[in-house]
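Thanks for coming, everyone. Please bring up the sequence and the structure, and I'll walk you through them.

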Amino acid sequence: MVISTSNLSYFIDISHIQIEDMCEKLNSIGIEVESMRQIQIPQKVVVGRVVSKNPHPNADKLNICQVDVGNQTFQIVCGAQNVQKDQYVALALEGAELPVQNNKQDNKTQEQKTQDKKTKDKKDSPLAHTLTIKKTTLRGVESCGMICSSSELGLEKINDGIMVLDSSIGELELGKPLCEYEFFNQYLIEVSLTPNRGDCLCILGIARELACVYNLSITLPSEEEYGLVFGIGRALNLSVEGCLKSYLLYKAIEVQEISMALHIQLILAYNGILKSNPIQNYKNFITYLSGVLFNIYPISNDTQTPITLKIKKDENELESVYDSAGHKLSEIGIKSYVDESKIVAFPALLIVEASYAEPEIISKALFHKHIPHDKDITYRSTRGSNPELLIGMNLFCSILNTYTQCSIYSGYQEVEMTQESQRHYVNMTFNMISQIIGKEVEKEKIALILKQLNFKIDADGDGVFFRITPPPYRHDIYSPQDVAEEFLRIYGIKNIPSTPYSSIQKRGINKTLLAYQNKRDLATRAIAQGFFETIHYVFYQRSKLVEWGFEVLEEGLDLKNPITNELNTLRTSLIPGLFDSVVRNQNFGYKSIKMFEIGSVYNRKREESQHMSFVVSGFKTQESYPYPKGEKWDFYSFAQTISHIIGDFELSAPKEIPTFAHPYQYADIILGSVRIGFIGRLHPKFAQTLDIQGAFFAQIDTFNFKILQSMKPYSKLHSNQRDLTIVIDKDIPFHQIKSRILDSAPLYLKAIYPLDVYEDKDFALTLRAVFQPQDISLTEEQIAGFMEQILHILESEFNAKLKI
């Protein structure tokens with residue numbers, strides 16, 4: 001929300017406050033200031049009055065205007081469609097330097113727009129991007145300046161034509177530079193609010209906060225009589241059915257002629273809520289000022305007054321307003337069925353409705369009933385609009401009376417809550433607030449700040465216990481902690497001394513810590529191997545998971561309200577998201593990509609587990625000597641890299657090959673005879689679809705293994721190697737052979753691994769056994785005996801035969 005210093009002056013006097021101090025105070029009390037800037041109008045832009053307007057003789061879309069600036073009249077050629085005689089306009093004289101508008105802004109990326117915003121205020125020279133106004137000739141007619149639109153002066157765009165000046169910016173004096181008007185020197189402050197602070201979605205809410213911080217008095221509009229003897233009863237009757245939980249206030253106003261005040265147009269434009277219809281703009285502006293929600297019901301000229309409005313619950317149990325014919329006009333706090341943009345014929349009699357409904361009721365209705373709603377209305381009503389309807393209505397009447405020609409009927413009609421929700425009370429003590437914030441504070445100071453925040457305090461006889469009633473516009477105060485937080489916002493967190501937490505540190509080593517350390521140790525090893533750690537959403541697109549061949553959540557367990565259609569389920573694997581990142585980085589020009597992620601995945605029953613996945617693509621080694629064309633990844637070099645991270649492991653033929661894996665380069669990862677994951681190459685069809693080359697992946701499904709093996713003594717004696725070639729069934733996994741030999745290991749056997757394979761009529765496997773004694777040198781007879789033991793195991797357990 002963008003607030004302006006001129007609009008704050010509706011309620012408080014801030015003329016003596018420095019803008020930097022105000023922004024600092026807003027930040028300190030929890031209203032985050034996103035940006036602050038001052039409106040600055042270029043020099044030599046003055047107030048002028050169009051004294052005549054004539055068509056250009058050589059151009060259908062141009063007009064020749066004579067503009068009076070007090071001591072001189074200038075001839076201006078203008079192409080704006082809305083220029084008219086007797087208008088007050090902003091005239092840029094010869095030599096004026098106007099900011100250049102970037103018409104290509106909408107085509108920029110969000111990053112470019114963000115960068116523009118960051119650098120906009122860093123330009124030291126005002127002439128960096130300017131247009132100098134010069135005397136020129138347009139289609140044969142001399143033009144001595146330019147009648148400006150709001151955007152041409154560096155302001156927000158309010159229309160497609162020129163900016164028409166009016167007295168809302170101050171007294172109009174011909175020839176007076178616009179930069180001398182206080183309105184065109186005000187500050188604009190953009191603030192962001194947490195969802196619980198619906199009371200600050202208006203100028204009045206911000207003014208209340210500043211009044212509390214600076215101990216200022218708030219000026220609220222009072223009810224006035226505007227000279228019309230007719231009472232509202234001449235225009236409106238109300239009929240209420242049943243018990244209501246809403247609060248409604250009605251006023252009748254006859255508008256004879258209406259125009260839009262400039263200062264209202266500009267602030268609405270800065271907030272992105274400017275409409276083309278004046279009635280809508282006045283309504284939006286007063287909601288922006290007061291936080292009160294309004295609906296406008298026009299009465300046609302052929303309708304007999306007084307009209308009757310019926311307030312009752314509709315078929316969805318929503319409190320609604322109907323006309324006498326039974327047509328629904330609005331659902332309170334949810335939607336209006338009256339097209340206010342069509343209120344264009346004047347004079348017109350309007351029924352103005354101010355309404356309030358409990359935010360909890362609106363939120364539950366929207367959640368459970370899924371009914372259509374106006375987001376502009378429910379954005380405020382679900383966060384808590386202002387229930388002080390009379391303040392908003394008085395402001396509505398005052399502003400309309402100031403800037404339009406209207407007759408305001410005396411009095412008002414209201415519908416009070418017949419089932420008013422119970423007000424929230426908080427019972428506590430002053431000492432409780434001191435304990436919560438961590439500092440002893442005088443109870444007089446606590447009481448003063450709470451009263452400045454409009455909290456009502458009812459204390460007992462000795463003043464120890466008291467009951468706090470939050471103001472009606474604070475819907476988020478329920479507990480002593482909430483009250484203490486409100487006090488601390490104003491008192492200042494800087495005034496609370498920092499004290500060490502006094503406690504006995506317990507031994508923090510447990511299974512959770514060890515599991516976390518194990519995962520981070522794996523991550524450190526992966527980073528050491530050149531992998532980049534990534535983090536993705538736990539959400540993913542269901543249709544993509546199906547395409548990859550991964551399981552998806554059961555329908556009844558899937559997300560009911562996904563944040564986007566592309567993130568409409570919980571991920572069941574890390575691999576698709578990692579390859580999405582590979583594609584994005586490849587599009588940025590990276591040829592070699594190595595990524596890993598440790599994160600949560602879910603099975604079809606929505607049961608959570610932790611996985612670790614790796615992906616690589618492109619070159620293993622960049623183009624440099626001795627690989628001038630780069631070294632490509634292959635299955636075994638990738639497997640070796642993974643072994644450097646998780647430790648030595650075995651590969652086993654899988655029972656089933658997934659659709660995204662290469663049919664001949666995919667295997668299960670076996671560690672200690674237990675399957676802990678899989679490794680493979682991306683299927684060529686998937687690689688072609690993603691347009692990536694040399695892509696490999698690995699996934700670890702469990703972290704229940706140790707990376708480092710226990711230490712063993714180092715032998716000073718040399719090792720002995722012997723090779724053995726056997727004929728064996730090729731379908732027997734090697735990890736079974738290795739495990740069986742090591743379980744019945746001959747003395748001094750350190751390692752056994754495959755050396756080579758040969759396949760003709762039979763499948764031949766060459767094994768290498770490594771013997772490493774600690775204290776003796778082995779003889780040839782001993783080594784031969786050990787090899788005989790290994791051969792016996794192979795023959796008896798796996799039906800192998802020695803190849804001769």
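Which residues have the most contacts inside the largest nonpolar core? They are M22, L153, M163, L178 and F184, in a core of 112 residues. Before I go on: this is a predicted model.

Take L178 from that group. Leaving out residues up to four places away in sequence, L178 touches I41, V45, V46, V47, A90, L153, M163, L165 and F184. L153, M163 and F184 are also among the core residues with the most contacts. There is a second, separate core too, of 27 residues. I311, L318, I371 and Y409 are included in that one. As background, nonpolar side chains tend to be buried together in soluble globular proteins.

Next, the layout. The chain is divided into domain 1 (2-39 + 189-214), domain 2 (45-100 + 129-185), domain 3 (232-415), domain 4 (426-493), domain 5 (511-700) and domain 6 (720-802). Note that domain 1 and domain 2 are each written as two segments. Between domain 4 and domain 5, the C-alpha centres are 54 Å apart.

Now the cavities. How many are there of 30 Å³ or more? The count is 2.

Helices α1 (5-8) and α5 (262-270) each supply at least two of the lining residues. α5 gives the most, with 4. Domain 1 and domain 3 come up again, each with at least three residues in this lining.

Two strand residues next. S355 sits in β21, residues 348-356. Buried or exposed? S355 is buried, at 3% relative accessibility. Outside its sequence neighbours up to four places away, S355 touches Y247, L248, L293, I332, S385 and L389.

L329 is in β19, residues 328-331. With a relative accessible area of 12%, L329 is buried as well. Its contacts, setting aside neighbours within four places in sequence, are Y297, L309, V321, Y322, D323, S336, Y337 and V338. For a sense of span, take L329 and A784: 455 residues apart in sequence, and 100 Å apart C-alpha to C-alpha.

Last, the backbone. Where are cis peptide bonds found? One joins T305 and P306, with omega about 0°. P306 is in the loop between β16 (293-299) and β17 (307-313). Another runs from F346 to P347, with omega near 5°. P347 is in the loop between β20 (335-336) and β21.

D86 has phi near 75°. D86 is in the loop between β5 (73-78) and β6 (88-93), and it is partly exposed at 44% relative accessible area. D691 has phi of about 60°. Its place is the loop between α17 (684-690) and β37 (696-700). D691 counts as exposed, at 53% relative accessibility.

That's my tour. Over to you.

Conventions: Residues numbered from 1 in each chain as written. Predicted model: local features only at pLDDT ≥ 70, side-chain atom pairs only at ≥ 80, totals over all residues. Heavy atoms only, no water. 1 Å grid on protein atoms, 1.4 Å probe; cavity = no way out; pocket = protein on both sides within 12 Å on 5 of 7 lines; lining within 4 Å. Points joined across faces, edges and corners; volume = space filled by probe spheres on them. Domains from an automatic or database assignment. Core = buried A, V, L, I, M, F, W, Y, C linked by side-chain atoms within 4.5 Å. Buried < 20%, exposed > 50% of the residue type's maximum accessible area, 1.4 Å probe, protein only. Contact = heavy atoms within 4.5 Å.
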